[in-house]
Amino acid sequence: GRGQHSAPSGSERSVVGCNSIIAMWYLLLLAGLAAASAPAPEPSFKERRLQYIVTNQNLHVDKLFDDIKSLEKKFSKLGGDVDLKKVRHIKARVSNLEGDGCEGEHEAQCGGDVPECISDLFFCDGHKDCKNGGDEDPDTCSEAIAHVGSSYTGLASWSSCEQHQPHHAVVVITSSHREDDFQPRILVKGVLTLEVDEESHIVKTTQLSGYYNFGQRELVLDPFGEKTTGNYGVRCEFNLGDDDHADCEIVIPSSLHVCAHFNAERH
Amino acid sequence: MLRVLVLLATACLVASDSQFCCSAEDRHIVEEQWDTLWHDTESSKLKISFGRLLLLKLAKEIPDVNELFKEVDIANPEGGKFSAHAMRILNALDMAINLLEDPPALDAALDHLADQHQKRPGVKKEHFKKIGEILHTALPHVLDDYNAMSWKSCFKGILSKIASKLNA
């Protein structure tokens, strides 16, 4: 009885199954027709799988790229490298404090690893006097400081001589000349301008003449000529390791008494 | 020596852009020497007694002045009223000296003092001249270092600026 009973139910089930399979085939057929009607043929499963992998790998690379970017951002927030100019200035200031160890007033340091002092009259004369040749080094013998048109500006603060509030002082090189048979100096002419009062445009100018000394890296200018309104000289020491910054003093020419001081920068 | 004096006099005339002949160095000297008086905490005592002496001396030399200081009770110079006034005057002097480094500010402060003295009828230019003389005899007594040239050149300007708005 059980077997008989179970047989028809089985055939019934298979009939239902058959029906659903047929419907699926129809659907597939329809889909196939639809696909056939589209211009491009459907890529094969293998191709799509390959495409899938390629896409995934690209996404992976993109993610790595983003990670690197955020790492780089983090790294850049750790601060940058030190400005080379700053390093040069600090080194120069330290060596200024150390002193050059040269005894004579007119001696200067050869530089380099082994200290050696020679007269500043031997610098940049075309003949090597330092054992390391430091006195003919192209940096040491740069004429840029005394180039015509160079101007050095700074805020002058007076400690004596004049009752001025701090104001701008400008030294402009107007002519420079180097004798062929006396190379260790450049003869220089210039103008010192004191912008005493910006509001009322009171400007005092002094005609200057003097020289640039390679060994001491010093620009020494005295007043000259009759049409001067002031009678101050200027001494600038280019002691910050480049040709663009100097430590300048406005002095009384005869006694070299310091009246004012300014940190000059090339403009 | 005469040549040096002539040179100094012409230097003062040439320096016309500063309001009076009192150079940067003069100002430094005056400030430094004035500073030596005020190292103690009881500086007000010193100021009061110095100011009192100054005013009483002026009143002695020019008796008319007594009338002008009646309001601050000059009849009773040890009293609080006159002591406070002596302090005021010495403080004004102190301010003027400490402003020597800043000419525009000094100018404004002295101008203000000139206004205040203009309001007092009876105050005359000769009184200030006398005060200058008294100061220059008194200061060397209290200052170990006293550069008369510097003090005179600076105080001439200060006092004449304060007296500049007076009629007589």
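Begin by selecting Glu78(B) and Arg52(B), whose side chains meet in a salt bridge with an N to O distance of 3.8 Å. The model on display is a predicted one. Glu78(B) belongs to the loop between helix H4 (65-68) and helix H5 (80-98) of chain B, while Arg52(B) belongs to helix H3 (residues 43-61), so the pair ties together parts that are 26 residues apart in sequence. Colour the two residues separately: Glu78(B) counts as exposed, at 61% relative accessibility, whereas Arg52(B) is buried, at 14%. As background, side chains of opposite charge can pair when their charged atoms come close.

Remain in chain B and select Asp115(B) and Lys165(B). Their side chains form a salt bridge at 2.6 Å, N to O. This pair links distant parts of the chain, 50 residues apart: Asp115(B) is in helix H6 (residues 103-118), and Lys165(B) is in the segment after helix H8 (148-162). Asp115(B) is partly exposed, with a relative accessible area of 28%, and Lys165(B) is also partly exposed, with 26%.

Next, select Lys57(B), Glu61(B), Lys130(B) and Glu133(B) together; salt bridges that share partners join these residues into one network.

Now move to chain A and select Arg217(A) and Asp243(A). A salt bridge of 3.0 Å, N to O, is found between their side chains. Arg217(A) lies in the loop between strand S6 (202-213) and strand S7 (218-223), and Asp243(A) in the loop between strand S8 (233-237) and strand S9 (245-252), so this pair ties together parts 26 residues apart in sequence. Asp243(A) counts as buried because its relative accessibility is 17%, and the cut-off for buried is under 20%. Over all chains, a search of the whole structure finds 16 salt bridges.

Finally, display both chains and turn to the place where they touch. Here 9 residues of chain B are in contact with 8 residues of chain A. The area buried between the two chains is about 600 Å², of which carbon and sulfur atoms give 40%. Select Ala24(B), Glu25(B) and Glu101(B): in chain B, these lose the most area to chain A, together 52% of what that side buries.

Then highlight helix H2 (residues 24-35) of chain B, which gives the most to the side touching chain A, with 4 residues. The residues on that side of chain B divide into 3 nonpolar, 1 polar and 5 charged. Which kinds of pairing does the rule find across this interface? There are 0 salt bridges, but 5 residue pairs are in polar contact.

Notes:
Residues numbered from 1 in each chain as written. Chains lettered and ligands numbered in written order. Predicted model: local features only at pLDDT ≥ 70, side-chain atom pairs only at ≥ 80, totals over all residues. Heavy atoms only, no water. Contact = heavy atoms within 4.5 Å. Buried area = accessible area lost by both parts, 1.4 Å probe. Salt bridge = Lys/Arg side-chain N within 4 Å of Asp/Glu carboxyl O. Polar contact = N/O pair within 3.5 Å; in protein donor to acceptor, adjacent residues only side chain to side chain. Helix = DSSP H or I, 4+ residues; strand = E, 2+ residues; numbered from the N terminus. Nonpolar A, V, L, I, M, F, W, Y, C, P; charged D, E, K, R; others polar. Buried < 20%, exposed > 50% of the residue type's maximum accessible area, 1.4 Å probe, protein only.
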